[in-house]
Amino acid sequence: MKIHRGRLPGAASENRTETFTGTVWGDPILAEAPALSANTVCFMPGGRTYWHSHGGGQILVVTHGRGFVQNRDDERSLISPGDVVYVPPGEEHWHGAADDSLLVHVAISLGPTQWLSEVEEEQYRRVVAVGS
Ligand code: MN
């Protein structure tokens with residue numbers, strides 16, 4: 001058994017820029033489990049992922065703030081602390097903060113992530129307008 005006290009020792013927070021919009025920071029929180037990647041991710045207001053999917057699915061545990069998730073079937077939801085989102089393998093989706101709140105979630109991702117296109121501002125605005 002191994003206990004990490006909040007974060008990986010020696011691991012610096014990572015500014016996530018390439019497949020994210022806005023300001024997003026991530027902390028890897030687990031290095032030992034070979035089949036998954038676990039990160040605490042903090043999105044500033046308006047910050048969000050690009051569209052993407054996870055080969056083995058993903059679990060998001062919201063710990064702070066408010067945000068949104070949406071998939072290609074236009075299922076969308078406001079998410080807040082205590083919510084647990086399960087994204088099935090291969091389902092294209094995005095997640096991110098509300099426009100007036102940061103969002104912090106723990107993301108447990110299985111399998112390779114396939115990154116797609118950016119969530120355009122107009123699309124994001126529509127979700128925020130309906131979901132708040
Ligand atoms: Mn995801």
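Here is a short chat about the metal site, strands and rings of this predicted model.

Visitor: Before we start, what pLDDT do local features need here?

Guide: Since this is a predicted model, side-chain atom pairs count only at pLDDT 80 or more, totals for chains, interfaces and linings use all residues, and local features need pLDDT of at least 70. Residues are numbered from 1 along each chain as its sequence is written, and side-chain values use heavy atoms, with hydrogens and water left out.

Visitor: Which residues coordinate the manganese ion?

Guide: Donors are N, O and S atoms within 2.8 Å of the metal (3.2 Å for Na, K and Ca), and sites may look incomplete as water is not among the atoms. Along the chain, the donors follow the spacing H-x1-H-x3-Q-x34-H-x1-H. At 2.1 to 2.2 Å, the manganese ion is held by His52 (NE2), His54 (NE2), Gln58 (OE1), His93 (NE2) and His95 (NE2).

Visitor: How many residues apart in sequence are the parts tied together by glutamine 58 and histidine 93?

Guide: Helices (H or I, at least four residues) and strands (E, at least two) are DSSP runs, numbered from the N terminus. Both glutamine 58 and histidine 93 are buried, where buried means under 20% relative accessible area, exposed over 50% and partly exposed in between (1.4 Å probe, protein chains only). Glutamine 58 sits in strand E7 (residues 58-65) and histidine 93 in strand E11, so the pair links parts that are 35 residues apart in sequence.

Visitor: In E11, what is the bridge partner of asparagine 71?

Guide: Two strands pair if DSSP finds at least two bridges between them. E8 and E11 run antiparallel and are joined by 5 bridges. Asparagine 71 belongs to E8, pointing one way along with Gly67 and Val69. In E11, its bridge partner is histidine 93.

Visitor: And in E9, what does valine 69 bridge to?

Guide: E8 is mostly covered, with 5 of its 5 residues buried. Strand E9 (residues 76-79) pairs with E8 in the antiparallel sense over 4 bridges. In E9, the partner of valine 69 is serine 77.

Visitor: Which residue takes a positive phi in the hairpin of E8 and E9?

Guide: That hairpin has 4 residues between the strands. The positive phi, near 65 degrees, belongs to aspartate 74.

Visitor: Are the rings of tryptophan 94 and tyrosine 124 stacked, edge-to-face or tilted?

Guide: Rings of Phe, Tyr and Trp (its six-membered ring) pair if their centres lie within 6.5 Å; planes under 30 degrees apart count as stacked, over 60 as edge-to-face and the rest as tilted. Tryptophan 94 and tyrosine 124 are both buried. Their ring centres are 5.9 Å apart and their planes stand at 55 degrees, so the pair is tilted.

Visitor: How far from the ring centre of tyrosine 124 is the charged end of arginine 48?

Guide: A charge sits over a ring if NZ of Lys or CZ of Arg is within 6 Å of the ring centre and within 35 degrees of the ring normal. Arginine 72 lies over the face of tryptophan 51, at 4.0 Å from the ring centre. For arginine 48 over tyrosine 124, the distance is 4.3 Å.

Visitor: Which side chain makes a 2.9 Å polar contact with the side chain of arginine 16?

Guide: A polar contact is a pair of N or O atoms within 3.5 Å; within protein, one must be able to donate a hydrogen and the other to accept it, and residues adjacent in sequence count only if both atoms are side-chain atoms. Arginine 16 is buried, with a relative accessible area of 17%. Its side chain has a polar contact with that of asparagine 39 at 3.3 Å. The 2.9 Å contact is with glutamate 14.
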